[in-house]
Amino acid sequence: MRAILFTVLIPGTIAVYIPRGLARTYSAQFDPGLFRYVGLLLMLSGFLFYLLSAIAFLIKGGGTPAIWFTKPLRFLIGEEPGKLVSDSLYRFTRNPMYLGVVGFVLGEALWFELSVLLTYSVVLWLCFHFVVAYIEEPHLREREGKTYEEYLKAVPRWIGFRSAKK
């Protein structure tokens, strides 16, 4: 139940509520042509990436997608997984949830033909990159030690992009 609440509150806000507000506020559009339909594919795959990753966190890690510094809210949204999840989509990227959310927002930008959502998806990815590189990875290095170091070497931070820090 907490994973559902977390999903509605955090990714729901980032991928649905904020884009809806931006769409109502900014009307600048672009014409992606037939690529507009790629937006549907990106939304679907983004949703599935997030869903499969959240399920892996629950089943394999024993926690929710809540980041470690949200401990004061654990009664509401749960806690980070107790153990490192490194299978399923986590074999291909260390951050499939973040990729799923960004993919979903990028899909919205294409489908609804809104340039503000294209910009938002880039800003969102940059924010996620900062959180991952400077908050989550140092935390997991400290918590998981050598196991996480080996995982860093084996799996790229983002699909196809290896981490610069080894």
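Reader: From the N terminus on, in what order do the elements of the protein chain run?

Author: This is a predicted model, in which local features need pLDDT of at least 70 and side-chain atom pairs count only at pLDDT 80 or more, whereas totals for chains, interfaces and linings use all residues. Residues are numbered from 1 along each chain as its sequence is written, and side-chain values use heavy atoms, with hydrogens and water left out. Helices (H or I, at least four residues) and strands (E, at least two) are DSSP runs numbered from the N terminus, and the protein chain has seven helices and zero strands. Read from the N terminus on, the elements run α-α-α-α-α-α-α.

Reader: What percentage of the residues of the protein chain count as buried?

Author: A residue is buried under 20% relative accessible area, exposed over 50% and partly exposed in between, with a 1.4 Å probe and protein chains only. Applied to the 166 residues of the protein chain, the buried share comes to 42%.

Reader: Among contacts between residues at least 6 apart in sequence, what percentage join residues at least 24 apart?

Author: Contact means heavy atoms within 4.5 Å. Among contacts in the protein chain between residues at least 6 apart in sequence, the share joining residues at least 24 apart is 73%.

Reader: Which residues of the largest nonpolar core touch the most other members?

Author: In soluble globular proteins, nonpolar side chains tend to be buried together. A nonpolar core is a set of buried Ala, Val, Leu, Ile, Met, Phe, Trp, Tyr and Cys residues joined through side-chain atoms within 4.5 Å. The largest one here has 32 residues, and those that touch the most other members are Tyr-90, Val-101, Leu-117, Tyr-120, Leu-124 and Phe-128.

Reader: Which helix gives the most to this core?

Author: At least two residues of this core come from each of helix 2 (11–25), helix 3, helix 5, helix 6 (115–144) and helix 7 (146–154). With eight residues, the one that gives the most is helix 5.

Reader: Which residues is Leu-117 in contact with, leaving aside its neighbours within four places in sequence?

Author: Leu-117 is one of the residues that touch the most other members of the largest nonpolar core. Once its neighbours within four places in sequence are left aside, Leu-117 is in contact with Pro-19, Leu-22, Val-105, Glu-108 and Ala-109.

Reader: How much accessible area does the nonpolar patch on the surface have?

Author: Patches are made of residues with over 30% relative accessible area and no salt bridge, like charges being joined within 9 Å and nonpolar side chains (Val, Leu, Ile, Met, Phe, Trp, Tyr) within 5 Å. One of the members is Phe-47, which has its place in helix 3 (residues 36–61) and is partly exposed at a relative accessible area of 46%. Accessible areas come from the Shrake-Rupley method with a 1.4 Å probe, and for residues only the protein chains shown count as cover. Together, Leu-44, Phe-47, Leu-48, Leu-51, Leu-52, Ile-55, Leu-58 and Ile-59 have about 730 Å².

Reader: What is the N to O distance in the salt bridge of Arg-36 and Glu-113?

Author: A salt bridge is a side-chain nitrogen of Lys or Arg within 4 Å of a carboxyl oxygen of Asp or Glu, and the structure holds six of them. Arg-36 is partly exposed, with a relative accessible area of 23%. The side chains of Arg-36 and Glu-113 meet, N to O, at 3.6 Å.

Reader: How many residues apart in sequence are the parts tied together by Arg-157 and Glu-137?

Author: Arg-157 and Glu-137 are both buried. Their salt bridge brings the closest N and O atoms to 2.7 Å. Arg-157 lies in the segment after helix 7 and Glu-137 in helix 6, so the pair ties together parts whose separation in sequence is 20 residues.

Reader: What is the relative accessible area of Arg-143?

Author: Arg-143 forms a salt bridge with Glu-144, the closest N and O atoms being 2.7 Å apart. Glu-144 counts as buried at 19% relative accessibility, whereas Arg-143 is partly exposed, with a relative accessible area of 31%.
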